[in-house]
Amino acid sequence: MAAEPPSGESAVTCDQPAALPTAQISAITTTGVGAMTTAQVAAIETTDVAQLKTSQVAALTTAGAAALTTAQVQALTTAGVAALRTTQVAALTTDQVAALTSTQISAVTTAGIAAMTTAQVAAIQTTDVAQLKTSQVAALTTSGEAALTTAQVAALTTAQLAALP
């Protein structure tokens, strides 16, 4: 017989997050979120992702953040995006980065922008580049700056161009 999980909590199986009501998803502790498998993270309903607390978003493992679907990424609140740790941002796929909205991309921390790979920088939608704060543009690494596409550079404002490293 398997041991009972601590605190009397029952283990959540891979398909169960989708079946949990939003109130129960938002009640999962940060320890519980950090223990979720990538399959469990991907099974969270998109509408429930929008209800995640910033502490829960930050508690996702790096692999868990990378397991979010593009629809789940788009469902993150701007506060949720701002809560992403540097390692989580660096783990996002190019499809996930491309799925970020203008308001979401402007919510990524400067440390998160600095941690982006060249492929991630190139994946930022051209229309979203114009929404970057000058501090975010200044945080680009030299290789990140070199990864900007011609269309992305053309979308930068004068203030953003002046902020390039």
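Ala, Val, Leu, Ile, Met, Phe, Trp, Tyr, Cys and Pro count here as nonpolar, Asp, Glu, Lys and Arg as charged, and the others, Gly among them, as polar. The model is predicted: local features need pLDDT of at least 70, side-chain atom pairs count only at pLDDT 80 or more, and totals for chains, interfaces and linings use all residues. Residues are numbered from 1 along each chain as its sequence is written, and side-chain values use heavy atoms, with hydrogens and water left out.

**The chain**

The chain has 18 helices and zero strands. Helices are DSSP runs of H or I with at least four residues, strands are runs of E with at least two, and numbering starts at the N terminus. Of the 165 residues, 37% count as buried. Buried means under 20% relative accessible area, exposed over 50%, and partly exposed in between, with a 1.4 Å probe and protein chains only.

**The cavity**

The structure holds one cavity of 30 Å³ or more. A cavity is a set of points, on a 1 Å grid over the protein atoms alone, where a 1.4 Å probe fits but cannot get out; lining residues have an atom within 4 Å of a point. Volume is the space filled by probe spheres set on the points, which are joined across faces, edges and corners. The largest cavity has about 40 Å³ of space. Its lining is Ile25, Ile28, Val33, Met36, Ile44, Leu52, Gln56 and Leu60. That lining divides into seven nonpolar residues, one polar and no charged.

Ile25 sits in helix α1, residues 22-26. Gln24 lies in helix α1 too. Ile25 counts as buried because its relative accessibility is 2%. Gln24 counts as partly exposed because its value is 42%. The table gives one C-alpha to C-alpha distance for each.

| Pair | Apart in sequence | Apart in space, C-alpha to C-alpha |
|---|---|---|
| Ile25 and Lys53 | 28 residues | 9.7 Å |
| Gln24 and Asp48 | 24 residues | 9.6 Å |

**The core**

The largest nonpolar core has 39 residues. Such a core is a set of buried Ala, Val, Leu, Ile, Met, Phe, Trp, Tyr and Cys residues joined through side-chain atoms within 4.5 Å. Val81, Ile105, Val108, Ile113 and Met116 have the most contacts inside this core. The elements giving two or more residues to this core are α5 (54-59), α7 (70-75), α13 (118-123) and α15 (134-139). Leaving aside neighbours within four places in sequence, Val108 is in contact (heavy atoms within 4.5 Å) with Val81, Val89, Leu100, Ile113 and Gln136.

Notes:
1 Å grid on protein atoms, 1.4 Å probe; cavity = no way out; pocket = protein on both sides within 12 Å on 5 of 7 lines; lining within 4 Å.
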